[in-house]
Amino acid sequence: MAIADNKKARFNYTIEEQFEAGMVLEGWEVKAIRAGQVQLTDGYVVIKDGELFLIGCRINPLRTASTHVHPQADRTKKLLMKKDEIRRLVGKVEQKGYTLVPLNLHYKGGRVKADIALAKGKDLHDKRETEKKRDWEREKGQLMRHKISSPRKDT
């Protein structure tokens, strides 16, 4: 079940590979995520010292948060993956000009997971092409739903 989607990611980037990573969260963050107080659109993934971190994922704290906890909405979250997968990602990001982009947050076995993608930025003409395809698919769906047929008059 998807918690939050990064709709801009598929529009701005060409997705090469997709990975699933666990997230290190605090208790108030899990409660806020369950309440739907998460935004992923400005998020990106950074590699520091062989570890992955999610930056820009905004989790708004609930008003009923504990008084002794001081929540930070834009806290950097650590992502959990196997070391060999991280090493492979580091190589591709450093050599070939790829970037790591979060696609969505979802539940898996009661835990919050993040789908991250190895992606390349699209050029402006590629974005226009994506927009044309999306518009055509929408228009085609409307035509199929409302099948326009005019009555024939035989004379």
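Biologist: How many residues does the largest nonpolar core have, and which have the most contacts inside it?

Modeller: A nonpolar core is a set of buried Ala, Val, Leu, Ile, Met, Phe, Trp, Tyr and Cys residues joined through side-chain atoms within 4.5 Å. Buried means under 20% relative accessible area, exposed over 50%, partly exposed in between (1.4 Å probe, protein chains only). Here the largest core has 26 residues. Those with the most contacts inside it are Met23, Leu52, Ile59, Leu79, Met81, Leu89 and Ile116.

Biologist: Which elements give two or more residues to this core?

Modeller: Elements are DSSP runs, numbered from the N terminus: helices (H or I, at least four residues) and strands (E, at least two). The contributors are E2, helix H2 (27-34), E5, helix H3 (83-96), strand E8 (99-108) and strand E9 (111-121). E9 gives the largest share, four residues. Another core, of five residues, lies apart from it; Ala9, Val101, Leu103 and Ala119 are among them.

Biologist: What kind of model is this, and how are residues numbered?

Modeller: It is a predicted model: local features need pLDDT of at least 70, side-chain atom pairs count only at pLDDT 80 or more, and totals for chains, interfaces and linings use all residues. Residues are numbered from 1 along each chain as its sequence is written, and side-chain values use heavy atoms, with hydrogens and water left out.

Biologist: Which strands pair with E7?

Modeller: Two strands pair if DSSP finds at least two bridges between them. Strand E2 (residues 13-23) pairs with E7 in the antiparallel sense over two bridges. Met23 stands opposite Leu79 there. Strand E5 (residues 51-55) also pairs with E7 in the antiparallel sense, over three bridges. Phe53 stands opposite Lys78.

Biologist: Which face of E7 is covered?

Modeller: Strand E7 (residues 77-80) has Lys77 and Leu79 on its covered face, and Lys78 and Leu80 on the uncovered one. Contact means heavy atoms within 4.5 Å. Leu79 touches residues including Met23, Val45, Leu52, Phe53 and Ile116.

Biologist: Where are the buried residues of H2?

Modeller: They are Trp28, Glu29, Ala32 and Ile33. They lie on the same side of H2, because they cover an arc of only 135 degrees around the axis. The arc is that of the directions from the helix axis to the C-beta atoms. The face turned away from the buried side carries exposed Lys31 and Arg34.

Biologist: Is Asn6 buried or exposed?

Modeller: Asn6 counts as buried because its relative accessibility is 5%. Its place is in the loop between strand E1 (2-5) and helix H1 (7-12).

Note on methods:
Lists of a residue's contacts leave out its neighbours within four places in sequence.
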